[in-house]
Amino acid sequence: MCSRTLTLAAVAGAALLATAALPASASGSVTPRSAQEGSVSAAELLAKVTSCSQISSGKYKTDDETSATIPVCGKNGAVFWKADMDIDCDGQVTSKCNGDADPWFQDDTAFHQSDGKPLRAESLPYVVVPSTSSIWKYTSYGIKGGGVVAVIYNNKVEYAVVGDTGPTKIIGEASYATAKALGIDPDPATGGADSGVTYILFKNSQVSPIESHSAAVSLGDSLAKQFLQNN
């Protein structure tokens with residue numbers, strides 16, 4: 001579980017480059033080989049979230065030192081927010097995600113793989129949702145561990161799962177893998193994106209097993225198409 005008391009100046013989560021729909025990138029570059037995952041474009045999704053019908057009781061900060069300006073918004077079949085991207089490197093210890101690389105590292109995530117182990121932030125695209133508070137309770141809106149999220153940045157779409165929970169007053173965080181796939185610096189100590197990230201969480205969805213990124217892409221593409229039709 002992510003519960004950082006300090007904030008990064010501009011941090012981001014990263015995403016797995018290899019998917020069932022797209023070929024893997026052979027390089028270690030931050031820039032992904034493909035502009036997006038699935039068949040629904042970033043522009044099509046963003047056109048449906050131009051206005052916000054606020055469903056949260058209050059608003060969130062993007063970092064400890066910022067003002068609370070980010071609402072959670074409701075749409076047919078989904079909730080969304082527009083924020084920054086801080087990096088979550090929590091979960092299994094890997095070469096990129098560990099206590100040396102990440103001063104906020106924790107060796108667990110709120111939701112676990114099918115074998116009971118924590119998620120693997122370095123290779124699995126996942127998104128962090130704020131822990132339940134008086135501001136918003138994600139479970140009351142059909143959002144659950146393993147739920148599908150379309151993460152949009154710089155005209156790219158990356159599908160992730162709900163994989164961890166974070167501070168009760170801060171929003172805008174995703175795994176190392178999510179950031180990397182979107183071309184965002186995934187370094188947990190210095191990376192991230194200050195703004196411009198849209199998170200669309202599809203209600204009552206669940207990837208099984210949660211660690212299957214190809215399953216997230218397949219289900220996400222289907223749900224994105226439904227989202228376009230229903231909004």
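Colleague: Which residue in the turn of the S1 and S2 hairpin has a positive phi?

Modeller: This is a predicted model, by the way. S1 and S2 make a hairpin, and two residues sit between them. One turn residue has a positive phi of about 80°, and that is Gly77.

Colleague: And which residue in S2 is the bridge partner of Lys75?

Modeller: Strand S1 covers residues 73-75 and pairs with S2 in the antiparallel sense, over three bridges. For Lys75, the bridge partner in S2 is Ala78.

Colleague: How many bridges join S2 to S7?

Modeller: S2 and S7 run antiparallel. Val79, for instance, has Leu201 in S7 as its bridge partner. The bridges joining S2 to S7 number seven.

Colleague: Do S2 and S6 run parallel or antiparallel, and what is the sense?

Modeller: S6 is made of residues 173-175, and three bridges join it to S2. In S6, Glu173 is the bridge partner of Asp86. As for the sense in which S2 and S6 run, it's parallel.

Colleague: Why is S2 largely enclosed by the rest of the structure?

Modeller: A residue counts as buried when its relative accessible area is under 20%. S2 has eleven residues, and it is largely enclosed because the number of them that are buried is ten.

Colleague: Which element gives the most to the largest nonpolar core?

Modeller: That core has 60 residues. Elements giving two or more residues to it include helix H1 (42-46), strand S5 (156-166), strand S7 (193-202) and helix H3 (213-230). With seven residues, the one that gives the most is S2.

Colleague: Which residues of that core touch the most other members?

Modeller: Take Leu45 as an example. Leaving out residues up to four places away in sequence, Leu45 touches Val40, Ala150, Ile152, Val157, Ile200, Ala224, Phe227 and Leu228. In general, nonpolar side chains in soluble globular proteins tend to be buried together. The core residues that touch the most other members are Leu45, Trp81, Met85, Tyr199, Ile200 and Phe202.

Colleague: Stepping back, in what order do the elements of the chain run from the N terminus on?

Modeller: The chain has three helices and seven strands. Starting at the N terminus, the order is α-β-β-β-β-β-β-α-β-α.

Colleague: What percentage of the contacts between residues at least 6 apart in sequence join residues at least 24 apart?

Modeller: The chain has 231 residues, and 54% of them count as buried. Among contacts between residues at least 6 apart in sequence, the share joining residues at least 24 apart is 77%.

Notes: Residues numbered from 1 in each chain as written. Predicted model: local features only at pLDDT ≥ 70, side-chain atom pairs only at ≥ 80, totals over all residues. Heavy atoms only, no water. Core = buried A, V, L, I, M, F, W, Y, C linked by side-chain atoms within 4.5 Å. Buried < 20%, exposed > 50% of the residue type's maximum accessible area, 1.4 Å probe, protein only. Helix = DSSP H or I, 4+ residues; strand = E, 2+ residues; numbered from the N terminus. Contact = heavy atoms within 4.5 Å. Pairing = 2+ DSSP bridges.
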